[in-house]
Amino acid sequence: MHRITGRAGGDNLIEMSPTESFNDDINGYNQHASSSTGSFQQGQSAIDKQQQSKDSVFFRDGLRRIDFVLSYVDDKAGERKQERRRVYEANLAKVGLELETEDKSESEDGKTYFVKIHAPWEVLATYADVLKIKVPFKVNDIPDNTEMPMNWLSTPFRLPETIMHPEPDFFTAPFDKSKSDFFLIDDKETFFPPSNRNRIVYYILSRCSYLREECGDKDKKGIKRLLNNGTYTAAFPLHDCRYWKKSRDTHCESERYSLYKHWARFLFFFKEQPLNLVRKYYGEKIGIYFAWLGFYTEMLLFAAIVGTICFVYGVLTYDENEWSKEICSGEIGGKIVMCPLCDKKCGFWKLNSTCNSSWQSHLFDNVGTVFFAIFMGIWVTLFLELWKRRQARLEYEWDLVDFEEEQQQLQLRPEYETKCSNRKLNRITQEPEWVLSRTATDLLAKLFLCWATVILWEMEPYLPITSKCARLCLSGATVIFWISLIIACIIGVIAYRLAVYAAFASIMKDNPTSHLQVVGPYITPQLATSVTASCINFVIIMILNLMYERVAVWITDMEIPKTHLEYENKLTVKMFLFQFVNYYSSCFYVAFFKGKFVGYPGNYAYMFGRWSKLRNEECDPGGCLIELTTQLVIVMTGKQVWGNIQEALVPWLMNWWGSRKARKHPESIYSRWEQDNDLQSFGQLGLFYEYLEMVIQFGFITLFVASFPLAPLLALINNIIEVRVDAWKLTTQYRRPVAAKAHSIGAWEEILSGIAVLSVVTNAFIVAFTSDMIPRLVYMYAYHPDGEMNMKGYINNSLSMFNISAIPVANSPEEGENPAWFNSSITTCRYRDFRYPSGHEKQYSHTMQFWHILAAKLAFIIIMEHVVFMVKFFVAWMIPDVPSDVRARVKRERYLVQEYLHNYEVDKLKKQLTHNNCSNDCTCPPMIYPTLSKHEVLSECL
C-alpha cells in the first residue's frame, strides 16, 4: 500500500510500481525502457563512448539528468561490500530510481566505479509531496514598489539583472501529487530544479536499506553508514559544468560558471552578492549563510569607521597626554624608583623605563574609548534588529514564510529511526487517518464501497527517558571535562607568564635589546612576556580545537538527537561553549584578573600560595589595557589568518595533488563525475564551521572592543576576503553540497543575542577596571591640589610609597640584580596602588581616594549598563522584526493562494459532478472531500 501523509519519518520508503502512473492526464509519464543498468547498456551498446563527451550531467541517452552519483572501488576481498551494494542498488530501483553504472575501465584511475542516479517524474512528484516542497502555480502579479531614492549611486556595485534574479517571481504552494494540474508544469524534466532533485534523491538514499528484508536488521540503512563502512567512497550531486567555462550542452544551465564569474572572484569584492542564484544552485541554507555574512560585513563598515575615528582621536591627542609626559620626564619619571616586580630575579627600576608603553597605551586608553564602548553596545542591537528585517524579506522572497522547523524537521534523522527500536503513539497525529490505498484488494473494495478507508495509527520511534538521561549526563560530563582541560591549560599559561617574567627581567636589566634599531627600545619584560604567552596560548587553542571537534561530534551522535535541527542545535551549543572558553579565557584573565590581586611589598599575593613562588602579575604604570590589546590582536588576527589559510590553501593543495594526472586528459575523457569526485567533500558540518568562525570573531569585536577600537576594521578587512574565499572554495574546490532548507541562521541568532548582552557588561568593566580612565577623572575633578582641572601630578598621586628596609628577604633582589645606579641612599620605592605610607596610623591600608575611585567605577558600570540597555531595548522596540511592506505582501499572497486553491477545488468538483452525473446516479461522496456527506457536498456545489 502506498501511503503519503505529509510526515516523512517512517521506517520504509514508498515503493514504486513500474506501471504506476497518476490518474490525471497531466500526471501521465511514459517510463523509459529500463531503469536497470544492464538493460540500459544493451540499448546503448552502439554508442561510441570515446566520441561522446563525458563532461555532461546526463545519462548516455542525453535525456535523463544525473541527480546523484555514488562511487566505489571494487575490493576483491570485500564480498560483504559487494553484497551490500547489490542489495542497496536493487532497493533503490524498487523505489523508482534509475541507475547507470560506469565501469572501472572507463575511469581515469582504472579502479573506481561510478553509479549515476536519475529520479524520474513519478519519484520526484511522490517525494515532493512527502517533503512539502513549494512549487509555482501562478506568476506573481503584485507590483514591486521598492525603488530606493538615488538608486543610481549603487550602479557600480550591481550585477546584471539576469544574475541577480535568475528566475521570475511566482506564487507558490506545497506540491500535492493529487493536484498536479494546479501547478505550472511546462516541462516535467525541468519543473523541479537540480537543487530540489538532489535533495529528494538524498532523502531516499539516506533511508534505503542495504540488507535483504529477511535479515530483519532495521539498523542497516542509509548512505551515511555505507560511506562510513567503506562500501561506497563518495556520494554527491554533480556540478553542472566546469567553473571556468560554460557547458557545451545547451540544456545545461551552467550556473556554476555564472557564480564563479560574478561572485567567487576577489576582483568582485565590491559587488553585491547574487544571493538568488546562490539559493537556486546551493539551496536556502547556504544562501542564508552568505546573506548573513554579507549583511554582517556591511554593518561592520559603520563600526570600523567610528573605531578608526576614535583611534585617530588618540593619535591627535598624543601630545596632550600629561601623565605620559610625567612618566617620560627625567625630572619626574627618572627620579621615581619602583619596587621590584618579581622576587629575587627582579631589581629596582625607574618609572621612565615604561615611557614607550605609556604612550602606546594612550592610543587606546582615552575618552574616545568610553564613547566607542557605548556606540558598540548600540551598534550590536541595530545589527541584530536590522538582520531580522533582512531575514524576514528573504523569507518572503525565497518562499520560506510558512516554513517552520517543526514542519521541515518532521523528517526524523535516519540514525534516530534505526537506533530507537521502541515505538509510541504520536501525540499529534493520534487520530484515525484516512488513507487512499493502491493495492489490488483496495481496488476491489472500491467497486463495492466506492471508497476504502484504512485506519492507521501513527506510531513513531522514541528514546526511553532512562537512556536519554544517561546519555545527557555522559555528554554533560564530557563537555565539563574538556572545559576544565581548557581552564587548566590557561592556568598553565598564566604560570608560564609568572615564571618567565622573572627570567626576562633578569636578562633585560642591562638593556640587551637596545642594539635593535627599530623595535629595541619598545621591548620590555612585560611586552616580551605578553607576546610569548599570547603565542603559546594561540597554539594551545588551535590544538585543543582539533581535538575537541571530534569529541563534540561523537558525544552529539551518542545523544541520538531526534531531528536534524535538534542535532545542529546540540552541536552548536557544545562547540560554542568550548570555543568561548578556549578563545576568550586568556582575554578575560588579562582584562579582569591581572594586576587586581597583587598585594603590596612585604605582603604579596601568590598564585598557589607562597610555596609556589609564583607571584601574581602587576600592571605597569601605563595600565593593563595595552596588554589586553596585544592579547586580542594576536589571538584574533592569528585565528583569522590561520582560518583563511586552512580554508583556501589546504583544499586547493589536496585537489591539485589528487587530480594532477587527470588534468592532462581532454574533456571528452575526463568525465563530469570524475572531476567532482576529485574535489573535496563539503561535509554535513561544513557550514557549521563557517558560522562558528564568524561568531567567534563577532565576540572579539564586541566583548573586548573597548580595548582595541581597530578590531572592527580588522574584522571588516577579513570578512571582505572571507566572503570571496568562501564563495571561491565552494564553487571551485568542493563537491556540490546537497541542497537543504533553512529560514534563519538557527541557534546562532540566540548566541549572537547573548554575546550582545554580555558585551555591554564586559566593556563597562573594561573601561572601569582595566582602563585608567576612572582614576584619572577622579583625580582631575576631586584631588588635583591646585583646584585646576588638569592631570599634572597624577603619576605621583597614583603611586604609593614603601620603605626598602621593610621588604622581606624573600622578596628582595639577589646580589647583582639591581642596576648600577641603585645605592644605599635610596630608602623608599614606589608601587601602583592607593595605600597609606609607612609610619601612618593606617599604614599600608587603602586610602580614602581608593574607595572614592572604587565607588566611581561601580557607579560608571551601573550608569553605562542602564543607559546602553535602555537604548538597546528602545531601538529593538522601535524597529519591527518584519517590514510593513513585507507583512502586507505576505498577507496578500496568502489571500490570493487561498482564493486560487478554492477556485481550483470548485472547478475540480464541478467537473467530477458533471462527469459522474452526480445529480442522479452518484451514491457516494466525491473523492475530493472523502469525509463530507453527500448533502454537504451538494449544498456547497449549489
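In the predicted model, the side chains of Asp129 and Lys132 form a salt bridge with an N to O distance of 3.2 Å, a salt bridge being a side-chain nitrogen of Lys or Arg within 4 Å of a carboxyl oxygen of Asp or Glu. Asp129 is buried, at a relative accessible area of 7%, whereas Lys132 is partly exposed, at 31%. Here buried denotes under 20% relative accessible area, exposed over 50%, and partly exposed the range in between, computed with a 1.4 Å probe on protein chains only. Residues are numbered from 1 along each chain as its sequence is written, and side-chain values use heavy atoms, with hydrogens and water left out. Because the model is predicted, local features need pLDDT of at least 70 and side-chain atom pairs count only at pLDDT 80 or more, while totals for chains, interfaces and linings use all residues.

The salt-bridge rule gives a count of 32. One of these joins Glu559 and Lys570, whose closest N and O atoms lie 3.2 Å apart. This pair links distant parts of the chain, eleven residues apart, with Glu559 in helix α18 (residues 525-559) and Lys570 in helix α19 (residues 564-592). Helices (H or I, at least four residues) and strands (E, at least two) are DSSP runs numbered from the N terminus. Glu559 is buried, with a relative accessible area of 7%, and Lys570 is partly exposed, with 22%. Salt bridges with shared partners also connect Arg60, Glu100, Glu102 and Lys116 in one network. In the salt bridge between Lys335 and Glu331, the closest N and O atoms are 3.2 Å apart; both residues are exposed.

Four strands form an open sheet in the order β2-β3-β1-β6, with antiparallel pairing, where two strands pair if DSSP finds at least two bridges between them. Strands β2 (98-102) and β6 (234-236) are the edges, each pairing on one side only. On average, neighbouring strands of the sheet are turned by 15 degrees against each other, direction ignored. Axes are lines fitted to C-alpha atoms, for helices over the stretch in contact, and angles run from 0 to 180 degrees between N-to-C directions.

Strand β1 (residues 68-73) pairs with β6 in the antiparallel sense over three bridges; Val69 has Phe236 of β6 as its bridge partner. Helix α2 (residues 79-94) lies across β1, β2 and β3 (112-118) and runs at about 165 degrees to β1. Helix α6 (residues 194-205) packs on the sheet, touching β1 and β3, and its direction makes about 45 degrees with that of β1. Contact means heavy atoms within 4.5 Å.
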